[in-house]
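Let us take a friendly walk through this model together. Have the sequence and the 3D view at hand as you read.

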Amino acid sequence: MSTLTIIFLVLVIGLAGAFLAYRYSRSLAAKDGAQLHSRPIYHASYVACWAMIPALLALMVWLVVSPIVIASDVRGSFPEGILAETSLTEDLAYGIVESLGSGLRVLPADERETITDATPVAELRELLNQRGVPIASASADWMVPLAIQLNGMQIFSRWAMTAVVVLLALGGAFWGYRNIAPRLRARNGVERVVTGALIAASSIAIMTTVGIVFSMLFETIDFFSRISPMEFFFGTEWNPRFSGAGSEGSAGSFGFIPLLAGTLYIGFVAMLIAVPIGLFAAIYMAEYADSRTRSVVKPLLEVLAGIPTIVYGFFALVTVGPFLRDLSAQISGLVTGDYTSFIQAQSVLTAGLVMAIMLIPFVSSLSDDIITSVPRSLRDGSLGLGATRSETIKRVILPAALPGIVSALLLTASRAIGETMIVVLAAGVAANLTINPFDAMTTITVKIVAQLTGDLEFNSPQTLVAFALGMTLFVITLCLNIYALYIVRKYKEQYE
Amino acid sequence: MSDTTANGLAETSARPERRDIGIKKRYAAERRFKAYGIIAIAIGLAFLVALLWSVFSKGYTAFWQTEIQVPITFSEEVLGTPEQANQSQTKLMMANYPQIAREGLAQLLDVDTSDRDAMRAVGALISDGVRIELRDMVLNDLSIIGTTQDVWLYASSELDSALKGQYDLAVPENRRPISDLQLQYIETLQEQGAIEQRFNTGLFTFGASSRAETAGVGVAIIGSLYMMLIVLALALPIGVAASIYLEEFAPKNKFTDLIEVNINNLAAVPSIVFGLLGLAVFINWFGLPRSAALVGGLVLTLMTLPTIIIATRAALRAVPPSIRWAALGVGASKTQTVFHHVLPLAAPGILTGTIIGLAQALGETAPLLLIGMVAFVADYPSTPMDPATALPVQIYMWANEAERAFVERTSGAIIILLAFLAIMNLTAIFLRRRFERRW
């Protein structure tokens, strides 16, 4: 039976149990007029919990554990020669045994009968090829009995699992049903289950972080065992050649500096444009604009924040990049008479400018919130002393809001560093180390995408480097975020 | 009394002459400062207008597609008789439909079918998609074999672009994708009224294609739809449950503090990192298939969770404590209070936050690139486990195509994406306006 069918069966048992429990507790209440501790619906949920939770837990455990048990058992009977080899060959051999096993299941029953432990693998391969199941050429005769054994164990495991799970569900339902009595504190039990579920849901956030850290950590360690961290963090050349299979030693160079420089440079250009615009827009909206202007302009600016970054990337690629290139050609033509453009279509400036557009609403709405949260009394005090509005803003409000604004800018910076689609389309792929903003540079995120699109092999430094880059990116943004959150928290307390 | 007032007035009016406190300068500074604000907002709005204008001006033509009405002769010589077709469809499947279409068009244009150069020019006016279009026509209705039908065929992207004025026809013939001869043919067709711009349904129904005129976002929309359903089914219950715990049940301790910091931090982690997580955990560890909508949905779920949790917590916090006290006062348990009274009152806020989170997820591209959704998928995925692509990823792939017609398609796809996002956000705003309660 497929796993989904089993789950469905358990659900049906649970629902049936709940229905019976509901009727039973209703009849209890009606019969002796006894006061039920919990309402009938809680009795129903109580039985459903007993029926479903243990059964589904058992199912989960079985699904995780049984392949491991089967695998270790089958591997135990591998011939000595294979066992002595590296774990990679062993994995490969097990993979072939598995595919033989699944091939066997494709065969019709009468043909499967003819396969015995003594069948040579060549014969089996021919049979399977007729059914469109390709078998690796590395398969050997000793694998056939193992494949048969594997199949047998898998079928047995599935049967046993079905039986155990269904019995658990029935047993649980029965147990719960038997417990039903007027004095049963069913509600408390059900509520404990609900609270447990709530806690489990909220720990998913932690599990995500742990998942992020560990998934990248292992690959990063693997990467650093091939390329030294010194070479990675302080290398100034980025040129990971995709080497052909088996050509050792031609891994290329993995210098991180050009990528970091490009990331920071583009982020810096973007911030240089976005921060003044966003900040002034926020100040105007918080301090000058009447509520009607505010109610029109604020949502309009926030539309910019709702536009997907791929759209910005496309805008940079087909509009801003060519526009800047042609503009620079005109300018150089007017100045020197030579109409060659000095801004490339893909350049730091293009990416920075477009990224700035994306960041403006981010800066402005964060700063707006912070400026409006400065207490009214500070404003009134300053105005009452005869300061003009702009003086109040410059001398009183901004200093008071400074920590909050700094944290907003840090969050914005972390956004700029982690931004992917704009730079993928607008910044270029060449890992240059330059200070000319009209040249193309590349970023960490661009390289992560470049190393991981296409066909992958998980054991070459060329793909593993993406995880090292991701880890570095994660750490940088994490530091920025945590510092920003820390400032926000501290600042919040100040006025509360 | 009146004397002193008069004296006082005289004194104040005389004061500016005596002591200049720079009021003019200060007011000028004030005006300048205000102007900076207005300029900043104007720049921001100008960027918005430029962005939208750039997309819409390039993209609105994508919703129209040039089609040519061609008399097609489904001759029995080429296709075989209907009886033969009933026995074996090989001949129908393999027939040279572009040839049939080309001959039909040549007849319309009075071109000699033995003139190879002219025939090539004629053939290049019709899309390669006719192969499938005509084949499906015949397969659906065998009785048309042996007849001549007027069929609207997709024009090639070159003809389409030329008619939409996207080529500069002033440049020399060999430097543009459409020749003078072809332009002459187009004129003839226009005179006959056999050429027409029609609403482009293909843009919404086709899958990936290397030919612009038969490329559409149909498959991508289905892929995105699957992912949105997965995100909705997972992120909404988990997010709401987590917020209820944190807001209503959790004691203030190190553990809940850790969860809180975690959620705030996850909301600011770059999206591409989630892609790496999906690649390492879902594909490498759990062995889920690459390019599948399921994996994309799971990754986007993890990304959307913080947004939903933050919105839900705000909505729960907005429910006044008096509601909880009243419920507890009449004997409801803590759980009953939350689920029967607080949650329904917070529902509109939760819904709004969820829709906004979904809209974010719909536009997300970077993590999907890493889990292999950059795939050439021409067939509709029938389950979330099948290879699929997503709307923003389709846009990314088209953005990398050089052809002029693809720029138009890309902008068209962006318009569709923006339309979806606009609908979702407007729904969220409507819900907020309609159901928002202030206590």
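The report below goes from the domains to the chain contact, then to a sheet and a helix pair.

## Domains of the two chains

Please keep in mind that this is a predicted model. Chain A is divided into domain 1, covering residues 3-184, and domain 2, covering 239-495. Taken over C-alpha atoms, the centres of domain 1 of chain A and domain 2 of chain A are separated by 50 Å.

Chain B is also given as two domains, with domain 1 at 63-200 and domain 2 at 218-435. Here the C-alpha centres of domain 1 of chain B and domain 2 of chain B lie 45 Å apart. Their contact draws on five residues from domain 1 of chain B and four residues from domain 2 of chain B. On the domain 1 side of that contact in chain B, one residue is nonpolar, three are polar and one is charged.

## Where the chains meet

The contact between the chains takes 67 residues from chain B and 67 residues from chain A. If you look for the element of chain B that gives the most to this contact, go to helix α2 (residues 23-59) of chain B, which supplies 19 residues.

Sorted by class, the side of chain B that touches chain A holds 50 nonpolar, 14 polar and three charged residues.

## A three-stranded sheet in chain B

Now turn to the strands of chain B, where three of them form an open sheet in the order β2-β1-β3, with antiparallel pairing. Strands β2 (148-154) and β3 (195-199) of chain B each have a single partner strand and stand at the edges, so one side of each is left without a neighbour in the sheet. Ignoring direction, neighbouring strands of this sheet are turned by 40° against each other on average.

Strand β1 (residues 64-73) of chain B pairs with β2(B) over seven bridges in the antiparallel sense. Within this pairing, B:Thr73 has B:Thr148 of β2(B) as its bridge partner. Helix α6 (residues 97-109) of chain B packs on the sheet and touches β1 and β2 of chain B, and its direction makes about 90° with that of β1(B). The pairing of β1(B) with β3(B) is antiparallel too, over five bridges, and B:Ile68 stands opposite B:Ile195 in β3(B).

## A helix pair in chain B

The crossing of α15(B) and α17(B) is right-handed.

Which residues of α15(B) meet α17(B)? Among them are B:Leu300, B:Met303, B:Thr304, B:Ile308 and B:Ala311. From α17(B), the residues in the contact include B:Val342, B:Ala346, B:Gly349, B:Ile350 and B:Gly353. By class, the contact of α15(B) with α17(B) has 14 nonpolar, nine polar and no charged residues.

Key
Residues are numbered from 1 along each chain as its sequence is written. Chains are lettered from A and ligands numbered from 1 in the order in which they are written. This is a predicted model: local features need pLDDT of at least 70, side-chain atom pairs count only at pLDDT 80 or more; totals for chains, interfaces and linings use all residues. A crossing is left-handed if the near helix is turned anticlockwise from the far one by less than a right angle, and right-handed if clockwise. Helices (H or I, at least four residues) and strands (E, at least two) are DSSP runs, numbered from the N terminus. Two residues are in contact if their C-beta atoms, placed from the backbone, lie within 7 Å. Ala, Val, Leu, Ile, Met, Phe, Trp, Tyr, Cys and Pro count as nonpolar, Asp, Glu, Lys and Arg as charged, and the others, Gly among them, as polar. Domain bounds come from an automatic or database domain assignment. Two strands pair if DSSP finds at least two bridges between them. Axes are lines fitted to C-alpha atoms, for helices over the stretch in contact, and angles run from 0 to 180 degrees between N-to-C directions.
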